[in-house]
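Here is a short report on selected features of one protein chain. Please keep the sequence and the model open while reading.

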Amino acid sequence: MIDAELSRSVARWCPGATGVTGAAKLSGGASQETWRFDIAHPDGVIGAILRRSPKGYGAARLRAAGLDAEAKLMQLAFEAGVPSPRVLHVLTPEDDLGTGFIMQRVEGETIARKILRDAEFAAVRPKLARQIGCVLAGLHGLPQAQLPPLRGMTATKELDELEHDYRSLDRPRPVFELALRWLRDHDPGPSAEVTLVHGDFRNGNLIIGPDGVRAVLDWELAHLGDPMEDLGWICVNSWRYGEIDKPVGGLGSREELFAGYEAAGRRADPSRVKFWEVMGTLRWGTMCGSMMQRFRNSPDHPMEQAMIGRRASETEIDLLRLLAPRGR
């Protein structure tokens, strides 16, 4: 069914296109889907990705920027030289595909364990932490005047929302309480500079090739705020996949990340980065706790929810390491 809808769509906006082939669903939930397909064209096949909310569904997450904003941000990034897929088309009612956009497919790997271990990436791994810093510098430098409307966030507001989410679980955890107190005591206040923040910049949302970072994906949590938030999030231990001594996604040191960021003309603030790393660790722990709550309340007890939910205890260990003197 979707092949026919996609074929009608591409015929309207892609001159010369004769249809699509190989449509396959990659992921999906209650409200968003990702499809891979090829556009048949006389000049050669065009690999494409559809990201959409099907007809009849709205935004799934209150914090989501919205698919139209995602498309705009990705295209701005692409035009500015930040690794990002090129947006080919933003869906209209005439497409009869729901809301979303179609982007050019970027080949590469997103699975962190492969990037961290496979021989294919051995040569580029030592360079990735610094390269990630350069990519974040470019992302944070996108002109605000060109950005779509986005929510504005501060450290205090993020912390208020996080504490609300944690309290709603009604399952007190002493380590989480300690982390909340530490965050309140070390709130750095409003950032001197407000920039675009990706909001979920980490392993799994980066396409990596043997040459390095090829694309940044999943901009749904993008907002305006402290740019150090992104640098802190990529350092959360949960994204290191066992390479705990390499804070930047299991790839390298914070110093390499900062060096890449500053070589691209921006300034890193290590103390603010640590605040956001603690915040990110507690946020992920709270999200895991929420997943466990859903597991307990579900009549069929989905095993995937339990597997994620149990990881809340891992974040307690991470928080204790971070909050210890000279914590890393």
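Helices and strands are DSSP runs, a helix having at least four residues and a strand at least two, and they are numbered from the N terminus. This is a predicted model.

## Two loop aspartates

D218 lies in the loop that links β8 (212-216) and β9 (223-225). Its phi is positive, about 55 degrees, although D218 is not a glycine. D218 has a relative accessible area of 29%, so it is partly exposed.

D170 is found in the loop between α5 and α6. This residue, also not a glycine, has a positive phi of about 55 degrees. D170 counts as exposed because its relative accessibility is 65%, and the cut-off for exposed is over 50%.

## Helix α5 against helix α6

How do the helices on either side of that loop run, roughly parallel or roughly antiparallel? The axes of α5 (residues 155-169) and α6 come within 11 Å. They cross at roughly 165 degrees. Angles over 145 degrees count as roughly antiparallel, so α5 is roughly antiparallel to α6. The crossing of α5 past α6 is left-handed.

On the α5 side, the contact uses T156, L159, D160, E163, Y166 and R167. They meet F176, E177, L180, L183 and R184 of α6. Sorted by class, this contact holds five nonpolar, five charged and one polar residue.

## Helix α6 against helix α11

Helix α6 (residues 174-185) also pairs with helix α11 (residues 312-323). Their axes come within 9 Å and cross at roughly 45 degrees. That angle makes α6 oblique to α11. Here too the crossing is left-handed.

From α6, the residues in this contact are V175, F176, L178, A179 and W182. From α11, they are A312, T315, E316, L319, L320 and L323. Nine of the contact residues are nonpolar, one is polar and one is charged.

L320 is located in helix α11. Leaving aside neighbours within four places in sequence, L320 is in contact with V175 and L178. Is L320 buried or partly exposed? At 45% relative accessibility, L320 counts as partly exposed. Between L320 and L88 there are 46 Å, C-alpha to C-alpha, and the two are 232 residues apart along the chain.

I317 is placed in helix α11. Its relative accessibility is 53%, so I317 counts as exposed. The C-alpha atoms of I317 and V175 are 8.6 Å apart in space. In sequence, I317 and V175 are 142 residues apart.

## A buried arginine

R105 is in the loop between β5 (99-104) and α3 (112-117). What is its accessibility class? The relative accessible area of R105 is 17%, so R105 is buried. The cut-off for buried is under 20%.

The side chain of R105 makes a polar contact of 3.0 Å with the side chain of E107. Which residues does R105 contact, leaving aside its neighbours within four places in sequence? They are R36, F37, D38, G47, A48 and I49.

Note on methods
Residues are numbered from 1 along each chain as its sequence is written. This is a predicted model: local features need pLDDT of at least 70, side-chain atom pairs count only at pLDDT 80 or more; totals for chains, interfaces and linings use all residues. Side-chain values use heavy atoms; hydrogens and water are left out. Buried means under 20% relative accessible area, exposed over 50%, partly exposed in between (1.4 Å probe, protein chains only). A polar contact is a pair of N or O atoms within 3.5 Å; within protein, one must be able to donate a hydrogen and the other to accept it, and residues adjacent in sequence count only if both atoms are side-chain atoms. Contact means heavy atoms within 4.5 Å. Axes are lines fitted to C-alpha atoms, for helices over the stretch in contact, and angles run from 0 to 180 degrees between N-to-C directions. Angles under 35 degrees count as roughly parallel, over 145 as roughly antiparallel, 65 to 115 as roughly perpendicular and the rest as oblique. A crossing is left-handed if the near helix is turned anticlockwise from the far one by less than a right angle, and right-handed if clockwise. Ala, Val, Leu, Ile, Met, Phe, Trp, Tyr, Cys and Pro count as nonpolar, Asp, Glu, Lys and Arg as charged, and the others, Gly among them, as polar.
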